[in-house]
Amino acid sequence: MAYGRSIELFLVNGTADSLITAELSNWNGKALKIPRIDVASCDREDLTQPGVYFLFL
C-alpha cells in the first residue's frame, strides 16, 4: 500500500523565480533550485556539502 508524502517548498527570496529549497518528509536530503544567473553569487552552506548537482540548459 502506498502512503502519501509531504513536500515542503521554501521560497528563500519570496518569489518563485529565485532560490527555492525543497524537503521531503522522512528524507534527510534537500533539493535546491538556483537560477543560473545566481549560482556564482550564491553563498549557502548547503552548497559546500557533498551532493549530486544537475545543470539544465
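Predicted model: local features only at pLDDT ≥ 70, side-chain atom pairs only at ≥ 80, totals over all residues.
Local features required pLDDT of at least 70 and side-chain atom pairs pLDDT 80 or more, whereas totals for chains, interfaces and linings use all residues. Residues are numbered from 1 along each chain, and side-chain values use heavy atoms, with hydrogens and water left out.

Three salt bridges were identified, each defined as a side-chain nitrogen of Lys or Arg within 4 Å of a carboxyl oxygen of Asp or Glu. Glu23, Lys30, Arg44 and Asp46 are linked by such contacts in a network. The closest N and O atoms are 3.9 Å apart for Glu23 and Lys30, and 2.7 Å apart for Asp46 and Arg44. Asp46 also pairs with Lys30 (3.2 Å, N to O). Because Asp46 lies in the segment after β3 and Lys30 in the loop between β2 and β3, this pair ties together parts 16 residues apart in sequence; strands are DSSP runs (E, at least two residues), numbered from the N terminus.

The largest pocket has a volume of about 740 Å³. Of its 21 lining residues, Leu32, Leu47, Val52, Tyr53 and Phe54 are the closest to its centre. Pockets are open sets of points on a 1 Å grid where a 1.4 Å probe fits, with protein on both sides within 12 Å along at least five of seven lines; lining residues have an atom within 4 Å of a point.

Val52, Phe54 and Phe56 form a nonpolar surface patch with about 430 Å² of accessible area together (Shrake-Rupley method, 1.4 Å probe; residues with over 30% relative accessible area and no salt bridge, nonpolar side chains joined within 5 Å).

Terms used: Patch = residues over 30% accessible without salt bridge, like charges linked within 9 Å, V, L, I, M, F, W, Y side chains within 5 Å. Points joined across faces, edges and corners; volume = space filled by probe spheres on them. Helix = DSSP H or I, 4+ residues; strand = E, 2+ residues; numbered from the N terminus.
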